[in-house]
Amino acid sequence: MKKIAVLTSGGDAPGMNAAIRAVVRKAKVLNIEVIGIYYGYQGLVEGQMTTLQVGDVGSIIQRGGTKLYSARYPDFKQSDVQDQAIANMREAGIEGLIVIGGDGSYRGAMDLVKKGFPCIGIPATIDNDVPGTQYTIGFDTALNTVIDAVDKIRDTATSHENLFIVEVMGRDAGDLALYAGVAAGAGAVIIPEVDFCIEDVIARIKRGEYRGKMYNIIIVAEGVMSGTELARLLKENAGITTRVSVLGHMQRGGSPTGRDRVLASQFGAYAVEALVAGKKGRAIGVRNHEIVDYDLTEAFKKEHATNLALYTLATELSI
Ligand code: ATP
């Protein structure tokens, strides 16, 4: 294999740059040229690509976002559009593609594999919701951003004896809310994977008040409901007044943590090795501290499973 390509697709995540860097540098070690595709699948179809030299990925390991830009491009579901992408790559002499993104991006990659073009997926999303890997690139950074924000909100909550609701990202996956809830000591965590019960949340708040707790922090994943909606329910059902903080897009940005940088570096290098070994239609992941590859379709079949034992722990520790 002499030439491969790399693109970033879907929502950006801190650590994508570190993964791009690892792909380029590992490929260099193996004497392979790397083409960077701009704007995800859209750029692939439009032929927006450039050769990435070792120096081109210098000083990006510490930067959030993605040097190659990302895009959502629903047209990529069309077979003729995918054919165009493959034709562009073949014309440029590209023999394999590394896709850095979430499970949506993996579907695009799998379609290309079915048409005979080798692709490898690297999981990058702050939601940590790619089945088959315990962690995705960007999750740890987003988690630390949320913890930092909740710690700051707690300063105000304790000073004014307020009850705060913090709304965090996570449409279908509650990992960010759950891990942040444990790490920041939230009084309650509300995630999509566990049935919501307003009576239970009220009981937890009341129990805290009963033992003298004058402030509280509840973390809610946006996929269950908005912070404002939860505030309304607490007011209507129990007369409890809350303040709401919506963390929003700040959760997606920032310099990647050490953990994300290491993971991204490992994933990027492993993906190049996998392509060189003739693998295709594989996703890179981490299981029990080991970097592994598995069938891309595994990421579609199974539902993302959150750590329910951790949820139990969160409820136990916030009595
Ligand atoms: P995140 O969930 O973190 O935003 P993602 O990779 O799941 O990341 P999506 O927007 O679902 O993000 O997908 C990114 C891109 O992948 C889409 O805009 C589209 O170009 C391509 N894609 C998604 N689903 C498919 C599919 N079924 N077939 C072909 N291409 C797809």
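A residue counts as near a molecule or strand if its C-beta atom, placed from the backbone, lies within 6 Å of it. Keep that cut-off in mind for the ligand below.

This is a predicted model, in which local features need pLDDT of at least 70, side-chain atom pairs count only at pLDDT 80 or more, and totals for chains, interfaces and linings use all residues. Residues are numbered from 1 along each chain as its sequence is written. The predictor's confidence in each residue is its pLDDT, from 0 to 100. The protein chain averages 95. Of its residues, 100% score at least 70. The model has an ipTM of 0.90 and a pTM of 0.95.

Start at the ligand. Which residues come nearest to the ligand? They are Gly10, Gly11, Gly102, Gly104 and Gly108, out of 19 residues around the ligand. The shell holds four nonpolar, nine polar and six charged residues. Here Ala, Val, Leu, Ile, Met, Phe, Trp, Tyr, Cys and Pro count as nonpolar, Asp, Glu, Lys and Arg as charged, and the others, Gly among them, as polar. Helix H4 gives the most to this shell, with six residues. Helices (H or I, at least four residues) and strands (E, at least two) are DSSP runs, numbered from the N terminus.

Now turn to the record. An unreviewed UniProt entry marks Gly11, Arg72, Tyr73, Gly102, Asp103, Gly104 and Ser105 as "binding site". These residues span 95 residues in sequence, yet no two of their C-alpha atoms are more than 14.0 Å apart, so they gather at one spot. UniProt positions are in the numbering used here, feature names are shortened, and annotations may be inferred rather than shown by experiment.

Look at two of these residues. Arg72 sits in the loop between strand S3 (49-52) and helix H3 (79-91). Asp103 belongs to helix H4 (residues 103-114). Is each one buried or exposed? A residue is buried if 20 or more other C-beta atoms lie within 10 Å of its own, exposed if 12 or fewer, and partly exposed in between, with C-beta atoms placed from the backbone. Arg72 has 14 such neighbours, so it is partly exposed. Asp103 has 21, so it is buried. Beyond its neighbours within four places in sequence, Asp103 is in contact (C-beta atoms, placed from the backbone, within 7 Å) with Val130, Ala299 and Phe300.

Arg154 lies in helix H5 (residues 139-160). Tyr215 lies in the loop between helix H7 (198-210) and strand S8 (216-221). With 18 neighbours inside 10 Å, Arg154 is partly exposed. Tyr215 is partly exposed, with 18 other C-beta atoms within 10 Å. Leaving aside neighbours within four places in sequence, Tyr215 touches Ala157, Thr158, Glu161, Asn162 and Leu163.

Finish with helix H1 (residues 16-29). Of its 14 residues, 10 are buried, so H1 is largely enclosed by the rest of the structure. Among the buried ones are Arg21, Ala22, Val23 and Val24. The buried residues pack against strand S1 (3-8), strand S2 (33-37), S3, strand S4 (96-101), strand S5 (119-123) and helix H9 (258-276). After H1 comes Asn31, with a positive phi near 65°.

Methods. Two residues are in contact if their C-beta atoms, placed from the backbone, lie within 7 Å. The expected span of a helix is 1.5 Å times one less than its number of residues.
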